[in-house]
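Here are a few exercises to work through with the model open beside you. Try each task before you read its solution.

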Amino acid sequence: GYEEAASVLTTLLETPDASAEWRIFSLRAENYRLAGRWAEAERDLQTALTLSPGQAEVQTALANGWIDRGENLDKAVPMAEEALGRTPNSGAAMAAVGWGYYRQGKFNEAVAMLERAVLATPSDGSINDHLGDAYWRVGRTVEAKYQWSRVLTLEPSAALKASAEAKLASPQGPDAAPARANAS
């Protein structure tokens with residue numbers, strides 16, 4: 001699993017040649033994130049950016065982690081925007097920017113960016129879910145419900161499935177959904 005992969009990467013990082021390789025820190029960060037160990041993932045992503053500043057994929061991952069948690073939005077959104085500037089066709093970067101706008105209460109901007117992200121990465125349930133939330137906030141409730149229904153067709157995680165189902169079942173939309181860690 002993810003814990004074992006992180007352990008192997010830790011062993012690899014103990015070798016002198018690998019300890020300065022940003023890609024290994026980035027890969028280990030992803031495994032830590034998937035294992036539910038955000039503090040370690042955050043540390044590795046910051047190390048990767050120190051070793052190789054401006055890596056759009058790493059910027060997106062770090063910004064997205066912060067945005068998902070509602071942390072460091074003043075740094076996260078500009079970081080995601082910078083990553084998107086470097087990789088303008090990246091659905092992940094578009095989604096991070098859009099979800100950042102949502103977290104900042106910029107719902108119209110969030111809708112526009114998340115619509116682009118869904119077009120770039122239509123099979124990502126989290127992006128569809130976030131677009132549904134943004135639609136809800138701007139009063140486009142029919143479209144919101146469509147997006148949450150779409151999530152259920154995309155093999156979502158148990159947490160994402162529960163969240164989408166709660167939104168669909170309640171007149172409160174996003175306010176009815178159970179909290180889910182690391183949604184994006």
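Helices (H or I, at least four residues) and strands (E, at least two) are DSSP runs, numbered from the N terminus. The model is predicted, so local features need pLDDT of at least 70 and side-chain atom pairs pLDDT 80 or more, while totals for chains, interfaces and linings use all residues. Residues are numbered from 1 along each chain as its sequence is written, and side-chain values use heavy atoms, without hydrogens and water.

**Exercise 1.** Find how many helices and strands the chain has.

*Solution.* Start by counting: the chain has 10 helices and 0 strands. Then read along the sequence, and the pattern is α-α-α-α-α-α-α-α-α-α.

**Exercise 2.** Work out whether the radius of gyration agrees with that of a compact globule.

*Solution.* The radius is taken over C-alpha atoms, and the globule rule is 2.2 Å times the number of residues to the power 0.38. For 184 residues the rule gives a value near 16 Å; the chain has 17 Å, which agrees. Next, look at the box filled by the C-alpha atoms: roughly 55 × 35 × 25 Å along the principal axes.

**Exercise 3.** Explore the largest nonpolar core and identify the members that touch the most others.

*Solution.* First, the term: such a core is a set of buried Ala, Val, Leu, Ile, Met, Phe, Trp, Tyr and Cys residues joined through side-chain atoms within 4.5 Å. Buried means under 20% relative accessible area (1.4 Å probe, protein chains only). Among the 45 residues of this core, Leu62 and Ile67 touch the most other members. Helix α6 (residues 91-103) gives the most to the core, with 8 residues. Finally, follow Leu62: leaving out residues up to four places away in sequence, its contacts (heavy atoms within 4.5 Å) include Trp38, Leu45 and Met79.

Notes
Buried means under 20% relative accessible area, exposed over 50%, partly exposed in between (1.4 Å probe, protein chains only).
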